[in-house]
Amino acid sequence: MSGVWVFKNGVVRLEDCQGSSGRRKVLVHVPSNEVITSYALLERKLYSLGWERYYDDLDLLQYHKRCTVHLISLPKDFNKFKSMHMYDIVVKNRNEFEVRDM
């Protein structure tokens, strides 16, 4: 079972990658209000925040930030980029990214 744990109004539930509403989720870079539509755009934003690309795993795109233990791992295919990956980026880059319903 995969998905994202959502805490709302004191209730916790596991939503699938599309969310319970069925609406598509998008990752938004808050300072520029840009929707992340490709890994190239996401990589530019992450580089500007001090993230570095790891090339250890050929099946994943991985980014590490110096002086932290954080590692962002993403599927190589952007079509497999799901809300759980988006929330991982949001948690590790507070005030920089948001996940929104499309």
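## Terms and basis of the model

A residue is called buried when its relative accessible area is under 20%, exposed when it is over 50%, and partly exposed in between (1.4 Å probe, protein chains only). By this definition Leu 71, at 31% relative accessibility, counts as partly exposed.

The model is predicted, so local features need pLDDT of at least 70 and side-chain atom pairs count only at pLDDT 80 or more, while totals for chains, interfaces and linings use all residues. Residues are numbered from 1 along each chain as its sequence is written, and side-chain values use heavy atoms, with hydrogens and water left out.

## The nonpolar core

A nonpolar core is a set of buried Ala, Val, Leu, Ile, Met, Phe, Trp, Tyr and Cys residues joined through side-chain atoms within 4.5 Å. The largest such core here has 17 residues, and the members that touch the most others are Leu 27, Leu 42, Leu 74, Phe 81, Ile 89 and Phe 97. At least two core residues come from each of helix H1 (39–48), strand E6 (60–65), strand E7 (71–75), helix H2 (83–92) and strand E8 (97–101). The largest share, four residues, is supplied by H1. Helices (H or I, at least four residues) and strands (E, at least two) are DSSP runs, numbered from the N terminus.

Within H1, the residues Tyr 39, Leu 41, Leu 42, Glu 43, Lys 45 and Leu 46 are buried. Which residues does Phe 97 contact, leaving aside its neighbours within four places in sequence? With contact meaning heavy atoms within 4.5 Å, the partners of Phe 97 are Leu 27, Val 28, His 29, Val 30, Ile 36, Leu 42, Lys 45, Leu 46, Leu 49, Ile 89 and Val 90.

## Leu 71 in strand E7

Leu 71 lies in strand E7. Not counting residues up to four places away in sequence, Leu 71 touches Tyr 54, Gln 62, Tyr 63, His 64, Asp 88 and Lys 92. Leu 71 and Ile 89 are 18 residues apart along the chain, and their C-alpha atoms are separated by 9.5 Å.

## Salt bridges

Side chains of opposite charge can pair when their charged atoms come close. A salt bridge is defined as a side-chain nitrogen of Lys or Arg within 4 Å of a carboxyl oxygen of Asp or Glu, and by this rule the count comes to six. One of them joins Lys 25 and Asp 101, whose closest N and O atoms are 2.7 Å apart. This pair links distant parts of the chain, with Lys 25 in strand E3 and Asp 101 in strand E8, 76 residues apart. Lys 25 is buried, because its relative accessible area is 15%, whereas Asp 101, at 34%, is partly exposed.

Another salt bridge is formed by the side chains of Arg 53 and Glu 43 (3.7 Å, N to O). Arg 53 lies in strand E5 (residues 51–54) and Glu 43 in helix H1, so this bridge ties together parts that are 10 residues apart in sequence. Asp 88 and Lys 92 also form a salt bridge, with the closest N and O atoms 2.8 Å apart. These two residues are separated by about one helical turn, because they are four residues apart in helix H2. Asp 88 is partly exposed, with a relative accessible area of 22%, while Lys 92 counts as buried at 19%.

## Loops and backbone angles

Two asparagines, Asn 93 and Asn 95, are found in the loop between H2 and E8. Is Asn 93 buried or exposed? Asn 93 counts as buried, because its relative accessibility is 4%. Its side chain makes a polar contact (a pair of N or O atoms within 3.5 Å; within protein, one must be able to donate a hydrogen and the other to accept it, and residues adjacent in sequence count only if both atoms are side-chain atoms) with the side chain of Trp 51, at 2.8 Å. Apart from neighbours within four places in sequence, Asn 93 is in contact with Leu 46, Leu 49, Trp 51 and Ile 72.

Asn 95 is exposed, with a relative accessible area of 69%. Although Asn 95 is not a glycine, its phi is positive, at about 70 degrees. Asn 33 is also not a glycine and has a positive phi of about 60 degrees; Asn 33 is placed in the loop between E3 and strand E4 (34–35). Gly 50, which follows H1, has a positive phi near 95 degrees.
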